[in-house]
Amino acid sequence: MCPPAGRIGRLEPYFAAVFLWKTGGIMNQNSRKLEVKKDGKPCYSIWLEPDFVKLTEALKELHPENRKLCIVTDSAVAKLYAEPVKKILEECCKKVSLYVFPAGEEHKTLDTVRSLYEHLIREAYDRKDMLAALGGGVTGDLTGFAAATYLRGVDFIQIPTTLLSQVDSSIGGKTGVDFDAYKNMVGAFHMPKLVYMNLSVLKSLPKRQFSSGMAEIIKHGLIQDRAYFDWLLEHCGPVMEGDYKSLLHMIHESCRIKKQVVEEDPTEQGIRAWLNFGHTAGHAVEKLKDFELQHGECVSIGCAAASWISWKRGFLTEEEHRRTEALLSGYGLPVRVSGLQPEEVLKATKLDKKMEAGKIKFVLLKKIGEAFVAKDVSDEELLEAVRYVCRREHPGAKDREKENRT
């Protein structure tokens, strides 16, 4: 059930067009385009389209006619999109090969990267050739890391097929793999040359996986844009029903926010750390649940914990904290977790890669729409927050669990 929303103003079409122009967006009825810059210069484009038709057009600037391209995808996505995308890319690339690995976070490992290296070597890929990540966050992270390290770096493009990867992991150049169940412990910054999103693929997502992506979207509103947070409150129904115009607007806004943060801080020396809101506790939960929960579900639980600390510190009102939890729950996300010992969760946060000089860099909210990095969150404070999200099932959790099984 979606949370209630207040009255929110809407941009008239003229002002919406001006807004998109000012923020680097190009608008027509069914498409959007954003340009991501690095050091003030164009780095790559993000295309939001209703299908794969314009993929060859989007690739033109990369001169694919003289380059081999390897599509990297997992076994689940391959069944749906590997052949259609391969056929389109064969129209413009010198040669196209396909590398398929078993689906699942448990295969986001150095062993899979090694197997991909072997494929590239057998197919004689050189430094002018490129990779294409076709799939969700696991595929994008793994492919990007392989591209960053094969022959000391080759180009790659992102073709994200999940909501989470479209609004988060495909943008910004963070790549990596898990190591002994620790999230993204081995990785590199390596920017893609293109991000191409076909929004129609979201129709194939299970409801639970779609909701998982909503955690990153809600996070964007919480850390950077109060008006966007309010829009999400008001448009829960259309978004969850798959209304294309609502999805296009929402994904564009999240990409805009992520793009602005990445442009200002490409290697996470400052404001980019805000994007870790909900991730410190979330990654600990994800590891301890042995990836039983989806990434976005764990981030949602982490957001509830961070919101609780922000409330207890006096930055958020109790009402704002409750609205945050209501928005997460309204989009089908958990804000509580069962079966974990709070002390074990606290211990797991100490192994987070965002530790600095023995201190956790914990992202909190000054208010909805503005985050900051706190380096003074004590173990006692964090433990209380973890106890809060572990203490009981949140109302509606059992109904959500039943829906996820169907």
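**Questions about a predicted fold**

Q: Which residues is Ser307 in contact with, leaving aside its neighbours within four places in sequence?
A: Ser307 is in contact with Phe277, Leu316, His321 and Thr324, once those neighbours within four places are set aside. Each of these pairs counts because it has heavy atoms within 4.5 Å. Keep in mind that this is a predicted model.

Q: What makes Ser307 and His321 a polar contact?
A: Their side chains are joined at 2.7 Å. The cut-off for a pair of N or O atoms is 3.5 Å, so the Ser307–His321 pair falls within it.

Q: Why is Ser307 called buried?
A: Ser307 has a relative accessibility of 0%. Buried means under 20%, so Ser307 counts as buried. As for its place in the chain, Ser307 sits in helix 12, residues 295-312.

Q: How far apart are Ser307 and Leu364, in sequence and in space?
A: In sequence they are 57 residues apart, while their C-alpha atoms are 7.0 Å apart in space. For the protein chain as a whole, take the contacts between residues at least 6 apart in sequence: 76% of them join residues at least 24 apart.

Q: What makes helix 5 largely enclosed by the rest of the structure?
A: Of its 13 residues, 12 are buried, so the rest of the structure largely encloses helix 5. Among those buried residues are Gly137, Thr139, Leu142, Phe145 and Ala148.

Q: Why does Asp141 count as buried?
A: Its relative accessibility is 10%. That is under the 20% limit, so Asp141 is buried. Asp141 lies in helix 5. Beyond its neighbours within four places in sequence, Asp141 is in contact with Lys108, Ser169, Lys174, Thr175, Gly176 and Asn184.

Q: What comes after helix 5?
A: Helix 5 is followed by Leu151, which has a positive phi, near 55°. Arg152 has a positive phi too, near 65°, in a residue other than glycine. Arg152 is found in the loop between helix 5 and strand 7.

Q: Is Arg152 buried or exposed, and why?
A: Exposed: its relative accessible area is 76%, and the label needs over 50%, so Arg152 qualifies.

Q: Why is strand 6 called mostly covered?
A: Six of the six residues in strand 6 (residues 130-135) are buried.

Q: What makes strand 4 and strand 6 a pair?
A: Pairing takes at least two bridges, and strand 4 (residues 68-74) is joined to strand 6 by five, so they pair. The two strands run parallel. One of the links is from Thr73 to its bridge partner in strand 6, Leu134.

Q: How do you know that strand 6 pairs with strand 7?
A: Six bridges join strand 6 to strand 7 (residues 155-160), against a requirement of at least two, so this is a pair as well. These strands also run parallel. Met130 has its bridge partner in strand 7, namely Asp155.

Q: What do strand 6, helix 5 and strand 7 make?
A: They make a right-handed β-α-β unit.

Q: What makes helix 7 largely enclosed?
A: 14 of its 18 residues are buried, so the rest of the structure largely encloses helix 7. Helix 7 runs over residues 207-224; at 1.5 Å a residue it should span 26 Å, and its end C-alpha atoms are 26 Å apart, which agrees.

Q: How much of the protein chain is buried?
A: Buried residues make up 57% of its 406 residues. The chain has 16 helices and 14 strands.

Terms used: Residues numbered from 1 in each chain as written. Predicted model: local features only at pLDDT ≥ 70, side-chain atom pairs only at ≥ 80, totals over all residues. Heavy atoms only, no water. Buried < 20%, exposed > 50% of the residue type's maximum accessible area, 1.4 Å probe, protein only. Helix = DSSP H or I, 4+ residues; strand = E, 2+ residues; numbered from the N terminus. Polar contact = N/O pair within 3.5 Å; in protein donor to acceptor, adjacent residues only side chain to side chain. Right-handed = clockwise from strand over helix to strand, strands pointing away. Expected span 1.5 Å × (residues − 1).
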